[in-house]
Amino acid sequence: MHGTLNDRLFILALGTFAIGTEGFMIAGVLPMLAQDLHVSLPAAGQLVTAFSLAYAFGSPLLAMAAGRMSRRTLFLGSLLLFALANALCGMASHYGLLLSGRVLAAFGAALFVPAASAAAAGLVAPEHRGKALAVVIGGQTVALAAGVPLGTWIAHAFHWRTTFWMVGVLALIAAVLVRWRFPVMDAVAPVRLRDRIAPLARPVIWTTLLTTVCWGTGAFAVYTYIADVFGRLGATPGMISLVLLIWGVSSLIGSTLGGIAADRFGAVRTIPLTLAALLAALTSLSILAGRPPQQAPAIGIAAMVVWGVSAWAFNPAQQHRLIGLSGKAAGLVLSLNPSAIYLGSALGAAVGGLAVSYGHVAELGYIGGACELLALGAFAATRIRERRAAPAE
């Protein structure tokens with residue numbers, strides 16, 4: 001019985017691995033994609049904005065629309081939609097079709113990931129729920145360390161379209177396994193949109209989520225154009241794949257350290273430390289633009305290590321904090337955090353695109369650092385509101 005349950009958890013993890021790979025790998029292929037489709041680099045960057053906005057706003061709406069659907073049907077449908085969307089991206093010969101494929105992929109991802117996390121908890125005994133969630137969510141984390149650099153290498157070795165076909169095949173395999181191995185699971189009672197956004201009426205909650213948005217904006221303003229950033233530092237295509245591998249492994253380490261630090265030292269101490277380290281790492285990438293070409297890539301890789309650890313240490317600490325602030329509404333508040341992350345991703349890609357259009361890619365690190373400074377300001381505002389509310393509670 002336990003083996004069967006583990007099999008099902010890893011099927012869900014395969015789905016989140018495919019989704020995580022598709023969501024992040026585009027940054028590594030952006031320059032070649034832009035050149036092949038005859039669009040500017042900022043225009044190509046808006047493929048990230050479109051995906052992120054569709055996910056951020058589609059997730060709560062699609063969750064309501066599909067609320068009465070059985071979990072197996074939902075998983076099968078969302079994975080097939082995601083596979084189809086990536087097939088469209090792989091066939092795209094013009095920008096409009098690729099943009100449409102990215103939006104459809106975001107809808108499939110927005111349906112699958114939250115439902116997979118909820119189902120993971122229901123597939124095991126209560127005492128094993130933490131491990132089950134770690135397996136399913138871990139699919140996306142492993143995608144950062146393995147899927148993204150592999151996809152970038154494949155794009156440079158073959159073609160950027162090959163990476164979309166690769167992800168589509170992975171999603172299709174996960175869909176077949178869901179149909180073959182998954183039980184029929186009852187639908188979860190849908191939550192009304194008004195109830196989902198009700199926690200935002202508390203200032204301490206929306207300012208905390210604003211911290212997430214600013215964090216995401218700063219990180220993705222730089223990450224979206226990371227291939228061009230390192231290309232201008234003298235990095236070869238192979239080195240860019242290596243940079244993304246190092247960043248991904250660092251993110252795995254960071255997500256683990258963030259949870260440990262939040263438990264040991266508290267989220268209130270961990271969050272500002274991670275934001276300050278991320279600010280320094282992002283800013284250093286712009287400072288490196290003035291360094292000799294032979295020095296810049298090596299120092300840039302060190303900055304990526306700090307970036308990967310600090311950026312992904314923030315997320316578990318932030319979730320820890322949201323749980324502490326929201327009490328009985330923790331489930332609803334945590335469901336808003338992914339939307340805040342993807343909203344930040346959309347804003348980051350858009351802001352980064354404007355910077356590249358009207359300035360220079362070397363300035364992106366400064367812009368990312370400024371956003372992390374805003375995140376620190378939002379965190380400070382939350383702490384002030386929290387202290388003011390404490391006597392009343």
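Predicted model: local features only at pLDDT ≥ 70, side-chain atom pairs only at ≥ 80, totals over all residues.
Me: How many helices and strands are in the chain?

Reply: Helices (H or I, at least four residues) and strands (E, at least two) are DSSP runs, numbered from the N terminus. Here you get 14 helices and zero strands.

Me: What percentage of the residues count as buried?

Reply: Buried means under 20% relative accessible area, exposed over 50%, and partly exposed in between, using a 1.4 Å probe and protein chains only. Of the 393 residues in this chain, 52% are buried.

Me: And which contacts tie the chain together?

Reply: A contact means heavy atoms within 4.5 Å. Among contacts in the chain with a separation of 6 or more, 86% are between residues 24 or more positions apart.

Me: How many aromatic pairs does the count come to?

Reply: Rings of Phe, Tyr and Trp (its six-membered ring) pair if their centres lie within 6.5 Å; planes under 30 degrees apart are stacked, over 60 edge-to-face, and the rest tilted. The count here is 16 aromatic pairs. Take tyrosine 55 and tyrosine 342: their ring centres are 3.9 Å apart with planes at 15°, so that pair is stacked. Tyrosine 55 sits in helix α2 (residues 41-65) and tyrosine 342 in helix α13 (residues 330-358), 287 residues apart. Both tyrosine 55 and tyrosine 342 are buried.

Me: Which pair is edge-to-face?

Reply: One is tryptophan 215 with tryptophan 312, at 6.1 Å centre to centre and 90° between the planes. This pair links helix α8 (residues 203-223) to helix α12 (residues 296-326), across 97 residues. Tryptophan 215 has a relative accessible area of 2%, and tryptophan 312 has 16%. Trp215 and Trp312 also belong to one aromatic cluster, including Phe24 and Trp247.

Me: Where does α2 bend?

Reply: The bend at a residue is the angle between axes fitted to the seven residues ending there and the seven starting there. α2 bends by about 45° at glycine 58, and proline 60 follows within four residues.

Terms used. Residues numbered from 1 in each chain as written. Heavy atoms only, no water.
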